[in-house]
Amino acid sequence: MDFPDDYRPDIARDMYDKDKASQSLGIRILELAPGKAVVEMKVTEEMLNGLETIHGGLLFMLADSAMGFASNQQEMPAFAIHAEIDFLRPVFRGATLVATAEYAVQVGRTTVIDARIEAGPEHDLVAVFRGRTRAVNQARPGN
C-alpha cells in the first residue's frame, strides 16, 4: 500500500501522551510505521473478570488503541467509525499482550484496519479485530 508523503509518527506519539485511558492500563507503543502500530499491555489482577481471565472490553480497548495510533500519523485526525473483535482464547493474569494494527485498505478518507492480539513469548493468537476509521478535515485537538 502506498502511503502519503506527510507520514508523521510524532502525531501518534503526541496523541499517546494525551491518552490517559491507554496509559491507565499500562498500554505502551512498541512500534510505529506508516499505517501500522504495535502496542503492548501486561494483564494485571484489576483487569480480570469473574472467570479470572481478562475482560473482553480491555482486549477490545488494546486493539482499538493500536488502530488509533496506526490511523493517526497524518495531519487530519482519524476517528473510529466501526469495529468488531473475535475472542479466540482466554488470557490470564500476568500475560503480556501485543496488538499489531495495520491498514488493510484505504479508500478516500476511510480506512479499514486489521489487528491481531497475541500473548506471551509463543505469540499465541488470542483475538482478531477489524475496524474502520474516517479522517476528518478539522484541526487536531490542542492545535
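Predicted model: local features only at pLDDT ≥ 70, side-chain atom pairs only at ≥ 80, totals over all residues.

Biologist: How many aromatic pairs does the structure hold?

Modeller: The structure holds 2 aromatic pairs. In one of them, the ring centres of Tyr 16 and Phe 69 lie 5.9 Å apart, with the planes at 65 degrees.

Biologist: What makes the pair of Tyr 16 and Phe 69 edge-to-face rather than stacked?

Modeller: Rings pair if their centres lie within 6.5 Å, and planes over 60 degrees apart count as edge-to-face. The centres here are 5.9 Å apart and the planes are at 65 degrees, so the pair is edge-to-face. Tyr 16 belongs to helix 1 (residues 9-18) and Phe 69 to helix 3 (residues 56-71), so the pair ties together parts that are 53 residues apart in sequence. Both Tyr 16 and Phe 69 are buried.

Biologist: Why is Phe 60 called partly exposed, and why is Phe 129 called buried?

Modeller: Buried means under 20% relative accessible area and exposed means over 50%, with partly exposed in between. Phe 60 has a relative accessibility of 28%, so it counts as partly exposed. Phe 129 has a relative accessible area of 3% and is therefore buried.

Biologist: Which residues touch the most other members of the largest nonpolar core?

Modeller: That core has 33 residues, and those touching the most other members are Val 39, Met 41, Ile 54, Leu 62, Phe 69, Leu 97 and Ile 117. Two or more residues come from each of helix 1, strand 1 (28-33), strand 2 (36-42), helix 3, strand 4 (96-107), strand 5 and strand 6. Helix 3 gives the most, with 8 residues. Leaving aside neighbours within four places in sequence, Ile 117 is in contact with residues including Leu 59, Leu 62, Ala 63, Ile 85, Leu 97 and Val 126. In soluble globular proteins, nonpolar side chains tend to be buried together.

Biologist: How do you know that the buried residues of helix 1 are on the same side?

Modeller: The buried residues of helix 1 are Ile 11, Ala 12 and Tyr 16. They cover an arc of only 140 degrees around the axis, which puts them on the same side of helix 1. What covers these buried residues includes helix 2 (20-24), strand 1 and helix 3.

Biologist: What span should helix 3 have, and what makes its end-to-end distance agree?

Modeller: At 1.5 Å a residue, the 16 residues of helix 3 should span 22 Å; the end C-alpha atoms of helix 3 are 23 Å apart, which agrees. The buried residues of helix 3 include Leu 58, Leu 62, Ala 66 and Phe 69.

Biologist: What makes strand 3 and strand 6 a pair?

Modeller: Two strands pair if at least two bridges are found between them. Strand 3 (residues 78-87) and strand 6 (residues 124-135) have 9 bridges, in the antiparallel sense. In strand 6, Arg 130 is the bridge partner of Glu 84. Strand 5 (residues 110-119) also pairs with strand 6 in the antiparallel sense, over 10 bridges, and Val 112 stands opposite Arg 132. Strand 5 and strand 6 form a hairpin with 4 residues between them, where Gly 120 in the turn has a positive phi of about 70 degrees.

Biologist: Why is His 82 called partly exposed?

Modeller: His 82, found in strand 3, has 36% relative accessibility and therefore counts as partly exposed. Leaving aside neighbours within four places in sequence, His 82 is in contact with Arg 130, Gly 131 and Arg 132.

Biologist: Why are Glu 52 and His 123 called exposed?

Modeller: The cut-off is over 50%. Glu 52 has a relative accessible area of 57% and is therefore exposed; His 123, with 52%, is exposed. Glu 52 is in the loop between strand 2 and helix 3, and has a positive phi of about 60 degrees although it is not a glycine. His 123 is in the loop between strand 5 and strand 6, and its phi is near 60 degrees, a positive value in a residue other than glycine.

Technical notes. Residues numbered from 1 in each chain as written. Heavy atoms only, no water. Buried < 20%, exposed > 50% of the residue type's maximum accessible area, 1.4 Å probe, protein only. Contact = heavy atoms within 4.5 Å. Phe/Tyr/Trp six-rings, centres within 6.5 Å; stacked < 30°, edge-to-face > 60°. Core = buried A, V, L, I, M, F, W, Y, C linked by side-chain atoms within 4.5 Å. Arc of directions from axis to C-beta. Expected span 1.5 Å × (residues − 1).
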